[in-house]
Amino acid sequence: MRTMQNACIICHKKKIKCDLASRRPCSNCYRAGKECVMYTRKRKRYTNSLSPRESAEPQHNQNDITLTQSYTAQTPATQRSRKNDMIETYRGRDRYLGRHVSFDEAIASPDQQDSGPESGSGSRLSPLDLELLTHQGAFQLPPKSVQDDYIATYMQYCNVWTPIVEREWLHGQSVSYLLLQSILLAASRVTKQPSTHGTSADFYRRAKLLFFFGHERNPLISIVSAVLLHWYNPVGPEMISTDTSGFWLRTAEAIAFQIGLHKEPAPGSGTVESKRKRALKRRLWWTLVVRDCIISAGVGRPRTINLCDSDVFPPSLDDFDKDEDTTRPRLFLVYASICQLLGDIVESCLRPQQQPNQHHKSLENALYRWVKQDFRNITTLIPGSSLQYTLEARQIMLTYFANLIILDRTPTSDGVPSARSLVASSFISGIYKEFLSRDELSRLGPIFAFYALCAGLALIPAIRFPIVRGTAIEELQTLINSLRLLSKQWGSAFGALRALQRLGGEISQQPNREDPVPVLKEEMVPFFEDFGKGLCRQWNVFFGGEEMAVTGMVPQGMLNNLALETELPSLGHAGTGTATVDVLLQSAGKTDFGGLDLLSGNWEGVGFDWSGSWLLDNVISHIN
């Protein structure tokens, strides 16, 4: 085999022999993930690629070609490139095993020829697996026109919150079946028109089969698909299931850590393709962080991503396509920052803090900076009006107001809820009223049941103040109506619905408070002054100014409407599930709440762990 002398671009003085067939760099630079430049004589030129010369594409089984159509094997060059990407972001074990021994991580990496079917990397599906996937309909797709409609729906309502799908992935002859089925699933969960070409459950089952059979061998597309599968979420956290958002999030995170997605990608060659790949990795990583914060808040369970383990740069407009409008990228950047604050605030409630007052103040300051800096960059609001709030802006606002409610969830010494949480809950109710009037609830994800629960738990104590009693009940009814519609789509909304209905009926038996309604302090006004006051019906009352048309009269039958209904909507959406209320209650060992008294605080430990149930910790002191 011909060899020649080469000089490494890093260690110029060290001559090494390089195999022309593999063109590997020296061991030092290989460990550092750098490239090696060939030292050649004049007029001779050699490629600078670290990949072996491309070989002929391996022959496919005829059934494989027929079933997958565009399922092509990775070339050795693609596999080696992916291996180099992992080296760039991989942190060697000598970091925590000690460096007293010269340990080279490169020698622990298997050679390309060792990565056969036995090693589990790059192995092709067996004919038996392909036959099973075909029999289960995993490769069935609706007509192209229907696919295009679903993709457009996804891009309009989902992609702004999960900007991780590259448009070129959806064109050409090599579109991933797993990615397509995942997009069809996500779009089917936010569309208003049910399709005759497949339900959400159909798309989910097909994608789940393709995922766990390892049909997709691109890890980035596998992570993206796992993130999209969290849109299924047919049941609440009170039921043990492998179909929930949390399950798919942690599955995506596991693959992300394997490929080093939590580490900032190396600069690379500086080509356009290299920059696009680094930008995608950042967007994908921060999408996982955002989903982790949201799911942690919804179910009251720990976050699984610790940003102390990551050195990925914060997302920026440079990570998005330069040719597209910057409005939607800006929305994601603002959304990512407020969701991280949501995760921090929830964590401060679930974990004891060494200096709680100081930590509370830092979180409060962070929210203030967000509303004065980040939110102002995306809103086109005319002061005093809410007509120009877009659907996306209203969703971001809900997250912000929920942050304020959770931050002030602990009542004062006299048991009076904070005025800031009452104002925030009134804003949330006003936004849900906008959703109802515009028929936009079907466009929302499962976390919005949690936001409605936050506002409802804050509004319930306000019913005991005669001056705001009528308005508070109407706003609570708006939230209950919203949850009733959301429960038809998301199983996690059902627990929140029943909790508010039961608590709304119980509060009517409590005596009125004689003390005045809490007034919003002047230093708290800046948290709300950037929003249209038309969304908050009780702004003037809590601000201490002239009272609005608010009386102590309760509309006839309003309190009775808040009580627990005998018939409640079934879970599932567009065929996504057949579970009913009875099944959910039986999973807790009861056919009704029975001896479960929400006001006594005995709700925990009896099988219920519905979305946002951890918020009930302090609701008792608000009511009693």
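**A pocket and its surroundings**

Reply: Helix α11 gives the largest share of the lining of the second largest pocket, seven residues. Helices here are DSSP runs of H or I with at least four residues, strands are E runs of at least two, and both are numbered from the N terminus. This is a predicted model, where local features need pLDDT of at least 70 and side-chain atom pairs count only at pLDDT 80 or more, while totals for chains, interfaces and linings use all residues. Residues are numbered from 1 along each chain as its sequence is written, and side-chain values use heavy atoms, with hydrogens and water left out.

Me: Between which domains does the second largest pocket lie?
Reply: A pocket is an open set of points on a 1 Å grid over the protein atoms alone, where a 1.4 Å probe fits and protein lies on both sides within 12 Å along at least five of seven lines; lining residues have an atom within 4 Å of a point. The domain bounds come from an automatic or database domain assignment. Two domains both give residues to the lining, so the pocket lies between them: domain 2 (126–232) and domain 3 (266–378).

Me: How many residues of the lining of the second largest pocket are charged?
Reply: The lining has 25 residues, and those nearest the pocket's centre are Arg283, Asp319, Phe320, Asp321 and Glu324. Counting Asp, Glu, Lys and Arg as charged, Ala, Val, Leu, Ile, Met, Phe, Trp, Tyr, Cys and Pro as nonpolar, and the others, Gly among them, as polar, the lining divides into nine nonpolar, one polar and, for charged, 15.

Me: Is Pro314 buried or exposed?
Reply: Pro314 sits in the loop between α11 and α12, and beyond four places in sequence it is in contact (heavy atoms within 4.5 Å) with Trp286 and Asp319. Buried means under 20% relative accessible area, exposed over 50%, and partly exposed in between, with a 1.4 Å probe and protein chains only. With a relative accessible area of 58%, Pro314 is exposed.

Me: What is the relative accessible area of Ile338?
Reply: Ile338 is in helix α12. Leaving aside neighbours within four places in sequence, Ile338 is in contact with Leu367, Trp370, Ile396, Thr399, Tyr400 and Asn403. Ile338 counts as buried because its relative accessible area is 0%.

Me: Which residues does Leu485 contact, leaving aside its neighbours within four places in sequence?
Reply: Leu485 is found in helix α17, and at 40% relative accessibility it counts as partly exposed. Ser482 lies in that helix too, residues 469–486, but at 0% relative accessibility Ser482 counts as buried. Ser482 is in contact with Tyr432, Leu436 and Leu441, while the contacts of Leu485 are Leu436 and Leu441.

Me: How many residues of the chain, in percent, count as buried?
Reply: The secondary structure comes to 22 helices and two strands. Of the contacts with a separation of 6 or more, 76% are between residues 24 or more positions apart. Of the 624 residues, the share that counts as buried is 54%.

Me: What is the mean pLDDT of the chain?
Reply: pLDDT is the predictor's confidence in each residue, from 0 to 100. In this chain 64% of residues reach 70 or more, and the mean is 73.

Me: Over which residues does pLDDT stay under 50, with 25 contacts beyond four places in sequence?
Reply: Where pLDDT is low, the predicted coordinates should not be read in detail. The stretch with those 25 contacts in the model is residues 618–624.
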